Amino acid sequence: MRYSGLRVLAEGLRGNRGWRPAWRKPAPRPGYDAIIIGGGGHGLATAYYLARNHGLTNVAVLEKGWLGGGNIGRNTTIVRANYFLPGNSEFYSFSLKLWEGMERELNYNVMHSQRGLINLFHSDGQRDAFARRGNMMRAQGDDAVLLDREGVRRMLPRLDYEQARFPIYGGLYHPRGGTARHDAVAWGYARAADARGVDLIENCEVTGIDIRDGRVKGVQTTRGAIWAPKVGIVVAGRSSQVAAMAGMRLPIESHVLQAFVTEGLKPALDHVVSFGMGHFYISQSDKGGLVFGGDLDFYASYAARGNLPMVEHVMEAGMTLMPMIGRAKVLRSWGGIMDMSPDGSPVIDRTGVEGLYVNCGWNYGGFKAVPASGWSMAHLMATGQPWHDAAHFRLDRFRTGRGLMDEEGTGAQHNLH
Amino acid sequence: MRIPCPCCGWRDRREFTYYGHETFLHRPAPDAGAEAWDDYLHNRENPAGPTRDLWYHDPCGSWVVVARDTVTHAVAGGEGLA
């Protein structure tokens, strides 16, 4: 069923009786050409691009819960391509281009809104660093504009420009950055993958990975054994547990990152804004809620909920930047399980087992990467070769020290990102 | 979340800095080779459930090996590092 405005109108006139479920609920078959473990954004996108780009339609996505129930539904929905280092820069640039064509491609409204992203700076040193980042973004072919204080004030009149401790010097404006409706991205990829014949199997937890003579043979699940010559692990915060089934230890530590949303307000904030002095980022959803977040809680956690010290810190940062948010009530807060890598950059690579591939280490930035991650993972699984824009996301870079991508420049160590 | 310090007793989590899994206590020999050092520096069991990790108590300077649960955030106890 193709979605369109005309269709909405026609269904409305016929009492909306013609809508059908967006995807099937198939039982697992005995075997597939490829299995994706994990029905989140990255896993569903991988399945879609396996079918679309490589003609591999005999594919299953195995999800232990429900589709899109993990980090794809728990983030602050920011889409951007403002990375600095070679390896990351071209990858996120490619990802943003896929975002820009996504709704047409999937025939699904993901409410992608390129409202612009503004990273504020608060000192001369920070201005220099952002100018350099902006130059790198432009060299990559993306857009970046350095705004002075008045330029920021014109776009963001509701920030606090009077306070002396963290004065706003200006901002790096990334016009093509923005937000998207996070769940819709998962649903859009799920529907489009299903339409191409991919089996999306929910409530099917992988309990073992079958390996013989160094080759993957399939997986054991709560719904029986399924064989496949190719298996991709795309499970974000749970990467360590699934990789352990194949005898691997990954360079991943899972941490909790919290996010918050207020009650709905009238339009108050037209862009995505990040505060440069307290790691705080905020945007306003289409429903009117202010969606914001800050740092990790900074300890290993699978709780999918955080503790109060970071709640306090985020609220303090928000009040410092934008005192008006103190009048809004926080409706909800939640946490996601972040697969933190030592250098803060991801992994899309082969493993020591033939036919077994791993996609992990998205840290706190996986949402914007969904289309390019799926594209690259599909390319790797179908051809055995890395997609060129993701060729730096190697698993062995920690062991060799070659090609580390440490955007923050703090060192490739677990507790520093 | 409260964490036991060997000097100061149970204190608020705000007073502590997290360092990482207790793997950091088992430093390989300098000539142990790249695999051993990679495992020590980067690779982690990353358990979902009981774990033991290193925390630093900022006010008194004690290092604590904390036994806690990564799923429930319950802290079972801790021992100081000599």
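Some ground rules first. Residues count from 1 along each chain as its sequence is written, and chains are lettered from A and ligands numbered from 1 in the order in which they are written. In this predicted model, local features need pLDDT of at least 70, side-chain atom pairs count only at pLDDT 80 or more, and totals for chains, interfaces and linings use all residues, while side-chain values use heavy atoms, with hydrogens and water left out.

Confidence in chain B comes next. Its mean pLDDT, the predictor's confidence in each residue from 0 to 100, is 96, and 100% of its residues reach 70 or more.

Now the spaces. On a 1 Å grid over the protein atoms alone, a cavity is a set of points where a 1.4 Å probe fits but cannot get out; a pocket is an open set with protein on both sides within 12 Å along at least five of seven lines; lining residues have an atom within 4 Å of a point.

The second largest pocket has a volume of about 590 Å³. Of its 25 lining residues, those closest to the centre are A:His182, A:Ser285, A:Lys287, A:Val291 and A:Arg332. Where does this pocket lie? Both domain 1 (21–75 + 183–251 + 343–416) and domain 2 (111–177 + 253–340) of chain A give residues to the lining, so the pocket lies between them. Those bounds come from an automatic or database domain assignment. Strand E13 of chain A gives the largest share, four residues; strands here are DSSP runs (E, at least two residues), as are helices (H or I, at least four), numbered from the N terminus.

Strands E3 (16–21) and E4 (50–57) of chain B each supply at least two lining residues.

Next, helix H9 of chain A, residues 370–383. A:Trp375 and A:His379 are among the buried ones. After the helix comes A:Gly384, with a positive phi near 80°.

Last, A:Ala268 sits in the loop between E13 and strand E14 (272–275) of chain A. A:Ala268 is buried, at 12% relative accessible area. Its C-alpha atom is 9.9 Å from that of A:Ile325, 57 residues away along the chain.

How values were computed: Grid points are joined across faces, edges and corners, and a volume is the space filled by probe spheres set on the points. Buried means under 20% relative accessible area, exposed over 50%, partly exposed in between (1.4 Å probe, protein chains only).
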